[in-house]
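I opened this model to look at helices, ring pairs and pockets. My entries follow in the order I looked things up.

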Amino acid sequence: MRTDLVLWEDLDDIQARTQQALDLLQRITHAIETGRIDQPTRQDSKRLNRLLALAELMHAEIDRWSAELGLGC
């Protein structure tokens, strides 16, 4: 098997894990919107801050890669 195919399989794994995370985040968002989850806690604030930092890192990396490939928006 060619090593480049293994690398692209890693990309598939990243996409799958990202989609799973987004699905879970959507469930949390829906629970908040429907009132199943009430007031945010200090722990919720910490989690959101970490998720925001991760989202910014992920976006920056994908944006750079996309620009290098000439695929930017």
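**Helix α2**

I began with α2, which has 27 residues. From its first C-alpha to its last I get 39 Å, close to the 39 Å expected at 1.5 Å a residue. I keep in mind that this is a predicted model.

Next I checked both ends. At the start of α2, a side-chain oxygen of Thr41 comes to within 3.3 Å of the backbone nitrogen of Gln43. After α2 comes Gly70, with a positive phi near 75°.

**Aromatic pair**

I searched the whole structure for aromatic pairs and found one. The partners are Trp8 and Trp65, and the pair is stacked. Their centres are 6.5 Å apart, and the planes make an angle of 15°. Planes under 30 degrees apart count as stacked, so the label follows from the angle.

Where do Trp8 and Trp65 lie? I placed Trp8 in helix α1, residues 3–33, and Trp65 in helix α2, residues 42–68. The pair therefore ties together parts that are 57 residues apart in sequence.

I then looked up how open the two side chains are. Trp8 is partly exposed, at a relative accessible area of 44%. Trp65 is also partly exposed, at 38%.

**Largest pocket**

The largest pocket holds about 690 Å³. I noted 20 lining residues, and those closest to the centre are Leu25, Ile28, Arg47, Leu48 and Leu51. Which elements give two or more residues to this lining? They are α1 and α2.

I sorted the lining of the largest pocket by class. It has 14 nonpolar residues, three polar and three charged.

**Second largest pocket**

The second largest pocket has a volume of about 220 Å³. Its lining consists of Leu11, Ile14, Gln15, Thr18, Leu57, Met58, Glu61, Ile62 and Trp65. Here too, α1 and α2 are the elements that give two or more residues. I asked which element gives the most to this lining. The answer is α2, with five residues.

By class, I count six nonpolar, two polar and one charged in the lining of the second largest pocket. Glu counts as charged, so Glu61 is the charged entry in that list.

Technical notes. Residues numbered from 1 in each chain as written. Predicted model: local features only at pLDDT ≥ 70, side-chain atom pairs only at ≥ 80, totals over all residues. Heavy atoms only, no water. Phe/Tyr/Trp six-rings, centres within 6.5 Å; stacked < 30°, edge-to-face > 60°. Helix = DSSP H or I, 4+ residues; strand = E, 2+ residues; numbered from the N terminus. Buried < 20%, exposed > 50% of the residue type's maximum accessible area, 1.4 Å probe, protein only. Expected span 1.5 Å × (residues − 1). Polar contact = N/O pair within 3.5 Å; in protein donor to acceptor, adjacent residues only side chain to side chain. 1 Å grid on protein atoms, 1.4 Å probe; cavity = no way out; pocket = protein on both sides within 12 Å on 5 of 7 lines; lining within 4 Å. Points joined across faces, edges and corners; volume = space filled by probe spheres on them.
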